[in-house]
Amino acid sequence: MSTDSTQRTVTIRADGESLEGTLAIPPNARGLVLFAHGSGSSRLSPRNNYVAQVLRSGGVGTLLFDLLSAEEDRDYANRFAIGLLAERLVAATRWVRQEAEAAGLPLGYFGASTGAAAALRAAAQLGDGIKAVVSRGGRPDLTGPAISRVTAPTLLIVGSLDDVVIGMNETAYAELRAEKQMVIVPGATHLFEEPGTLEEAARLALAWFQRHFKK
């Protein structure tokens with residue numbers, strides 16, 4: 001499949017803030033994934049951008065955007081304000097649905113660290129509007145009671161050397177009521193910096209989205 005994507009810089013308005021992003025959709029895309037980055041990160045996250053590239057090579061469009069404005073991000077507490085981050089993701093979802101090149105595409109979320117909790121909370125709010133969720137090294141335990149209302153098939157990816165986060169994911173996994181799977185990637189720490197581990201996480205994510213983005 002062609003990896004040439006229609007890519008453009010976008011600005012999403014939410015709560016009076018301007019959130020910068022990059023929307024990229026390959027030809028004949030089978031779906032679109034919105035990325036929710038973790039605390040202290042941004043749309044420029046090299047790890048998320050790598051995963052996004054893999055998704056696009058598999059025919060899945062991507063939207064990477066800043067969940068917080070630069071001023072908001074200076075307040076450290078905002079990085080852990082899951083409710084605020086989830087609302088920004090919902091706002092971006094509503095925005096992208098109005099874009100001509102994304103019209104009718106199934107939508108999914110990819111969340112890392114605290115972004116995973118925001119993705120799950122947004123998915124719980126939007127119900128059938130979100131077809132799949134993937135968490136990489138995420139904190140789904142921060143989702144709160146909304147996790148039991150998630151209907152989107154959810155994949156939790158955790159590194160085998162990320163001991164504390166494995167436990168947090170196991171707790172969240174038990175509370176999920178949707179179709180679910182948890183995969184532990186051998187030899188990976190929290191940031192999946194070890195050779196081959198991020199590639200494996202991206203491969204797992206692509207397969208999950210391809211499976212559930214059936215029109």
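Where is the place of Asp15? Asp15 sits in the loop between β1 and β2, with helices (H or I, at least four residues) and strands (E, at least two) taken as DSSP runs numbered from the N terminus. Asp15 is exposed, with a relative accessible area of 59%; here exposed means over 50% relative accessible area, buried under 20%, and partly exposed in between (1.4 Å probe, protein chains only). Its phi is near 55°, a positive value in a residue other than glycine. Ser113 likewise has a positive phi of about 55° although it is not a glycine. Ser113 lies in the loop between β5 and α4 and, with a relative accessible area of 18%, is buried. As background, most residues other than glycine have a negative phi, and most peptide bonds are trans.

The model is a predicted one, in which local features need pLDDT of at least 70 and side-chain atom pairs count only at pLDDT 80 or more, while totals for chains, interfaces and linings use all residues. Residues are numbered from 1 along each chain as its sequence is written, and side-chain values use heavy atoms, with hydrogens and water left out.

The sheet comes next. Eight strands form an open sheet in the order β1-β2-β4-β3-β5-β6-β7-β8, with mixed pairing; two strands count as paired if DSSP finds at least two bridges between them. Strands β1 (6-14) and β8 (180-185) stand at the edges with a single partner strand each, so one side of each has no neighbour in the sheet. On average, neighbouring strands of this sheet are turned by 20° against each other, direction ignored. Helix α5 (residues 163-175) packs on the sheet and touches β6 (132-136), β7 (154-159) and β8, where contact means heavy atoms within 4.5 Å. The direction of α5 makes about 170° with that of β8; axes are lines fitted to C-alpha atoms, for helices over the stretch in contact, and angles run from 0 to 180 degrees between N-to-C directions.

With strand β2 (residues 17-25), β4 pairs in the antiparallel sense over four bridges; Ala24 has Thr62 as its bridge partner in β4, and Leu23 has Leu63. With β3, β4 pairs in the parallel sense over five bridges, and the partner of Phe35 in β4 is Leu64.

Thr62 of β4 is buried, with a relative accessible area of 0%. The side chain of Thr62 makes a polar contact with that of Arg56 at 2.8 Å; a polar contact is a pair of N or O atoms within 3.5 Å, and within protein one must be able to donate a hydrogen and the other to accept it, with residues adjacent in sequence counting only if both atoms are side-chain atoms. Beyond neighbours within four places in sequence, the contacts of Thr62 include Ala52, Leu55 and Arg56. Helix α1 (residues 46-57) has twelve residues and reaches 17 Å from its first C-alpha to its last, close to the 16 Å expected at 1.5 Å a residue, the expected span being 1.5 Å times one less than the number of residues. Gly59, which follows α1, has a positive phi near 85°.

Leu63 in strand β4 (residues 60-65) counts as buried because its relative accessibility is 0%. Leaving aside neighbours within four places in sequence, Leu63 is in contact with residues including Val10, Ile12, Leu34, Ala92, Trp95 and Val96. Of the 41 residues in the largest nonpolar core, Leu63, Val96 and Tyr109 touch the most other members; such a core is a set of buried Ala, Val, Leu, Ile, Met, Phe, Trp, Tyr and Cys residues joined through side-chain atoms within 4.5 Å. At least two residues of this core come from each of β1, β2, β3 (31-36), β4, α3 (82-97), β5 (107-112) and α4 (114-126). A second, separate core of 26 residues includes Leu155, Ala188, Ala201 and Leu206. Ala201 and Leu206 are among the buried residues of α6. The 16 residues of α6 (residues 197-212) should span 22 Å at 1.5 Å a residue, which agrees with the 23 Å between its end C-alpha atoms.
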